[in-house]
Amino acid sequence: MNYFVNEKGYFGDFGGAYIPEMLYPNVEELRQNYLKIIGDESFQKEFHQLLKDYVGRPSPLYLAKRLSQKYNANIFLKREDLNHTGAHKINNTIGQILLAERLGKKRIIAETGAGQHGVATATVCALRGLECVVYMGEIDIQRQAPNVARMKMLGAKVVPATSGSKTLKDATNEAMRDWINNPIDTHYIIGSVVGPHPYPDMVAIFQSIISEETKKQLIEQTGNDQPDYVLACVGGGSNAMGMFYHFIDDEKVKLIAVEAGGRGVDTGFSAATTFLGKEGVLHGSRSILMQTEDGQVVEPHSVSAGLDYPGIGPQHAHLFKTGRGEYVSITDDEALQAGLLLTQMEGIIPAIESAHALAYLEKMSFKGGENVVVCLSGRGDKDMDTYMKYFNL
Amino acid sequence: MSRIKELFQTKKNILSIYYTAGYPGLNDTVQIAETLEQSGADLLEIGFPYSDPVADGPTIQASSKQSLDQGMTLKLLFEQLKDLRKKVSIPVLLMGYVNPVLQFGVENFCKACVEVGVDGCIVPDLPMAEYEALYQGIFEGNGLSNIFLVTPQTSTERIHKIDGLSNGFIYLLSSSATTGQNLQVSEGTESYFSRIADMKLKNPTMIGFGIDSKETFDKACEYANGAIIGSAFVKALDANDLNGSVKTFMQKFKG
Ligand SMILES: Cc1ncc(COP(=O)(O)O)c(C=O)c1O
């Protein structure tokens, strides 16, 4: 089974580039050039140098001793929360900004949900001196205020998306409209493994540093680079794809993707795409998305802005459909409790997104001795308001 | 001969009007079509609304949302159009995004179009490659035209390919833009329009996006077989005087 992209831009039945003609030249330019540019030695050198000296990679693989005791397995945390700007998102924005420069682009646009991708984009734009416009749902602007302030201080213009559910999906629509209206000098840095081909493949390549490092670190720490399980949360699916990437072809490693169940999969307030979705087209690719019988996209719900998205990337849809990945869901409450647990047992406040992956440990059973890697995709600073309110702190 | 072919063979300066089905009132769809034909429209594009219309500006986003909120679906639209051909004789296209079509089923969608007398479709986010590989057979088997868009950034090679796949007309965008912005005929736009006119395409062309006055309409007609008005018309619709607002708007163009 091929789990990676084919020459037509598909992962099995999913992917492609369902875009209006106005976007074709931009997307085609990217498609023709991305592998060539990324494969270039000077690109690789600059990319890895920045990941090391600017982002602070490799991010540690930390054996969480007290959690391990509690769950009766070796629980390793891949510490993407320690990256500069506080999440895995920067791996992708560093890659894309270098690519945009090589394509001669002068203006950068992005969408953001939790604000982590917006901050990571505004950061690399400041670093390289490029103009930056970030679209963000009006509701997310309210619930992630610290990140809005960071983006502004970094010099980005934050534009509220006021249509639809006023969250990540709508911010993505606005960014696409901006790109349609600015067809020459602008590069759109998509923040997850979604969008038209080649975005899902390209973003996965940039995030694959997560599993590349994890394999090396597992060898150093355990003598074995094959964990029994890897877990990650899925909004669009970029930290999960980065965590899975180098394990995908190794079928002994179980891949667990944790979706946001919201108030519960059957409550009508959920973002658990594989449970509630059907095949269709959203934001330029064929994938699985939450929609009505008439094909209208359904507004999702999750306590975590970064997972509040009605679709998943096409490669995830393929891993789900082929059974290669196990797709599960965790409710708002379970995630918040898991966030508090990690904080009090290991002294790490996780992003609520990442807390979804941690929460699933509670539902697994271990014999003892299994090696389990959880992608700790981000830190919880941006979520303090939500945590404080929920736990009356 | 198909209604679209006949129109382009017999008429110049074709005036095509886009509007959103189910807007302003859920059941206004056919009434608007009738009044438009009576007021001199040559071709109609009826939009079926989508929750995430990325190629559309604020006006059509808002009309789409209102229509959906009022309960519009593709299924309901085909019911509304059941007696279309008893009332309207000019060619009619459906325009909308690909996901609702996929959920309806492409084959079912094409059959339903034919049944009610729709002549063709415009699906902006159904790209040429996918159309060719999966849908062309179904569309053509049902005798439906599929209309592709071309922008100032579309390469000459690609325009020829689009011309080869098209069987109705080619939709020229005045600029790469979401719907509803004013047409600014700059030197760049003129040279793009003339470049296309010089290509001697087998299909006729219509210019759309941003046409909102007699002046911009006439300008567009210098370079193409006609022009398409969308957002400006949708904006002019008045729920309290539907027929009146349609007629007043059309007078500007038909005099
Ligand atoms: C910390 C964190 N984790 C996960 C996500 C979800 O994105 P993805 O599924 O692309 O990793 C986000 C998105 O904002 C995030 O900020």
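A salt bridge is taken here as a side-chain nitrogen of Lys or Arg within 4 Å of a carboxyl oxygen of Asp or Glu. In chain A, the side chains of Arg143(A) and Asp308(A) form such a salt bridge, at 2.7 Å from N to O. The model is predicted, with local features requiring pLDDT of at least 70 and side-chain atom pairs counted only at pLDDT 80 or more, while totals for chains, interfaces and linings use all residues. Residues are numbered from 1 along each chain as its sequence is written, chains are lettered from A and ligands numbered from 1 in the order in which they are written, and side-chain values use heavy atoms, with hydrogens and water left out.

Chain A comprises domain 1 (18–50 + 89–198) and domain 2 (56–86 + 208–391), with bounds from an automatic or database domain assignment. Taken over C-alpha atoms, the centres of the two domains lie 22 Å apart. Domain 1 of chain A contributes 32 residues to the contact and domain 2 of chain A contributes 33, where contact means heavy atoms within 4.5 Å. About 2500 Å² is buried between these domains, 56% of it from carbon and sulfur atoms; buried area is the accessible area (1.4 Å probe) that two parts lose on being put together, summed over both. On the domain 1 side, Tyr18(A), Lys169(A) and Val193(A) lose the most area to domain 2, together 24% of what that side buries.

The count between the two domains of chain A is 1 salt bridge. There are also 13 residue pairs in polar contact across this interface, both residues at pLDDT 80 or more. A polar contact is a pair of N or O atoms within 3.5 Å; within protein, one must be able to donate a hydrogen and the other to accept it, and residues adjacent in sequence count only if both atoms are side-chain atoms.

Between chain B and chain A, the contact takes 38 residues from chain B and 34 from chain A. The buried area is about 2700 Å², with carbon and sulfur atoms giving 51%. The interface of the two chains holds 2 salt bridges. Asp52(B) and Lys169(A) meet through their side chains in a salt bridge of 2.7 Å, N to O.
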